[in-house]
Amino acid sequence: MSRSAHRPPAEPGARAVPGLAAIVLATLAVLVTAADTYVVVLALPDILTGVGVGLDELQRATPIVGGFLLGYTATLPLLGRLADLRGRAPVLVGCLLLFALGSLLTATAETLGPAVAGRGLQGIGAGGLVPATLALVADRWSPERRAVPLGVVGAVQEAGAVLGPLAGAAVLAVADWRAIFWLNLLLGVALAVGVVVTGRVRRPDPVGLGLAALTVLALGLLLAEPPALAEDVTLGLLWVPLLDRSAWTGPLLLVTVVLGVLLVARSLAQPAGAVLPLGGLGRLAREVDVVGSLLAVVALGALVWAFAAADPAREVVAHGWVLLPLAALAGVLFVLHERRAAAPVLPLAALRPVGAWGALVVNLFVGAALVAALVDVPLFARATTTPGDQLGAALVLLRLLVAVPVGAVTGGWLCRVVAPRVVAGAGMALAAAAFAAMTGWDERSLDGAWSTAVLVAAGLGFGLAIAPVNAVLLAVTPPRVHGSASSLAVVARTVGMLAGLSLLTAVALRRFTAEVAAIGSPVELCPASPADCPAYDAATEAAVLTQLHTVFAGAAVAAALAAAAALLLLRGAPVRSPARA
């Protein structure tokens, strides 16, 4: 049977499906942006120092991390809808360019504000790539054959957690932290060009493309101020204002503004193939439901920030008295509006099948369990076998992370012979058993081979659930909403991670505090030598282990709930397209 015979028949008016090369490039883009998420964790101290924030002010790092998460999550429904309305490839290109622009702003940031803005744009671009890529896979392969390619996309996304820290360490070994974002800029632009060439995207207006390239080049020079040019006797005049006390009169700034104006004018005058799709913004605004999109951004943004900005030592959510009611109010208004909207940003009616909302429930619990592994496995390693050794702790986590992509591909293959709900349920049951085993770990557990087997089992379990969840979600929803449905799957997992991290950490810290209070003081335990009290040290270490065991137990419960939800809810037959009916 030919490859084209594997594709589902196109719906009336559907766009041509991009070729395999475009899907490969889209998958590589997912890898690059996923790796960027974990690169920043390693480079964060250097970034803070580079933007003028001292290491004694680490609490100010929250906007850098939270800004990325906010951009990643809050705009996903809108980007998923755009992928359904305007095609997968154009959204991929736009998201890659946003990611590149965010990389440029971050690479050139001298203060915290531009760095946060750059990370926010990177988050928006990275978030939109995942649903567009999943929808692209669903467009090309029929429901019974798409599980393996969905597993490959999931494996590549999870591989970012492995490659990100390694890539960051490699770059930081030969350059400073800004090189990470310059590299992201180059990769983002190169991948965007590749998708344009291979994704059957309408070729852009060459004049507009030239103006766009010159505008970006001028903006990059303006922001970066490379010393070799800015300190040159002649070329440095480009950065010197023509009028005293008027920074806006700098020649390079004026050139950038003029080029930007010309680009906008060209895009309005030549709407066909325009680099900036300004000519159709009015029609697009009506199609994407601006009111619904804004309500979704407010609801998700408030929810994400409430968890991302929380200090688990004091609270489960930050500013809960404001952000949680705001998220709830915006969410209720969103649902009421979507039910009446002629063109809703999220077609809720298409998500009524049990398998659709069941996939979201499973992803929510998967995210809550996964975050415990990502955060607390390294913490356990640092508290026991590798005290203070960040690299050693990361290598312990690597035992789990390398198994996730393997499980993702394996899960996709198993879906061809076993019901997806069974594959996902078995995977999360395996992860739950692994976390249950972790609750019995002691100071020497990581020295043995059994701990490696447990970590690999947890990774395989998480990986096995990736392809079945996405396969069921895309099988029970019609192709016209695959972008929106995929975006909700990503939102559910991200919210699960944020809520799980905050809740599990808060509960574990409370138990740790209770354990420490029960120990008493060193003076009580060792009246003769309170400064050197082995009994107190041993009791404190036991309290730390109790705290970590509590998180692992909570993760085991979340994974077990994910397994039960998968077995009960991941049901439903593939949706027939109109061409088949």
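Mentor: An axis here is a line fitted to C-alpha atoms, for helices over the stretch in contact, and angles run from 0 to 180 degrees between N-to-C directions. Helices are DSSP runs (H or I, at least four residues), numbered from the N terminus. The model is predicted, with local features needing pLDDT of at least 70, side-chain atom pairs pLDDT 80 or more, and totals for chains, interfaces and linings using all residues. Residues count from 1 along each chain as its sequence is written, and side-chain values use heavy atoms, without hydrogens and water.

Helix α6 (residues 147-174) packs against helix α18 (residues 449-475) at about 130 degrees, the axes lying 8 Å apart. The crossing of α6 and α18 is right-handed, that is, the near helix is turned clockwise from the far one by less than a right angle.

On the α6 side, Ala-147, Leu-150, Gly-151, Gly-154 and Glu-158 make the contact (heavy atoms within 4.5 Å). Their partners on α18 are Ile-466, Ala-467, Asn-470, Ala-471 and Leu-474. By class, these contact residues comprise 6 nonpolar, 3 polar and 1 charged; Ala, Leu and Ile are among the nonpolar types, Glu is among the charged ones, and Gly counts as polar.

Elsewhere, Thr-106 belongs to helix α4 (residues 88-107). Thr-106 counts as buried because its relative accessibility is 1% (buried means under 20% relative accessible area, with a 1.4 Å probe and protein chains only). Beyond its neighbours within four places in sequence, Thr-106 touches Ala-115, Gly-118, Arg-119, Gln-122, Trp-177, Arg-178 and Phe-181.

Conventions. Helices (H or I, at least four residues) and strands (E, at least two) are DSSP runs, numbered from the N terminus. Buried means under 20% relative accessible area, exposed over 50%, partly exposed in between (1.4 Å probe, protein chains only).
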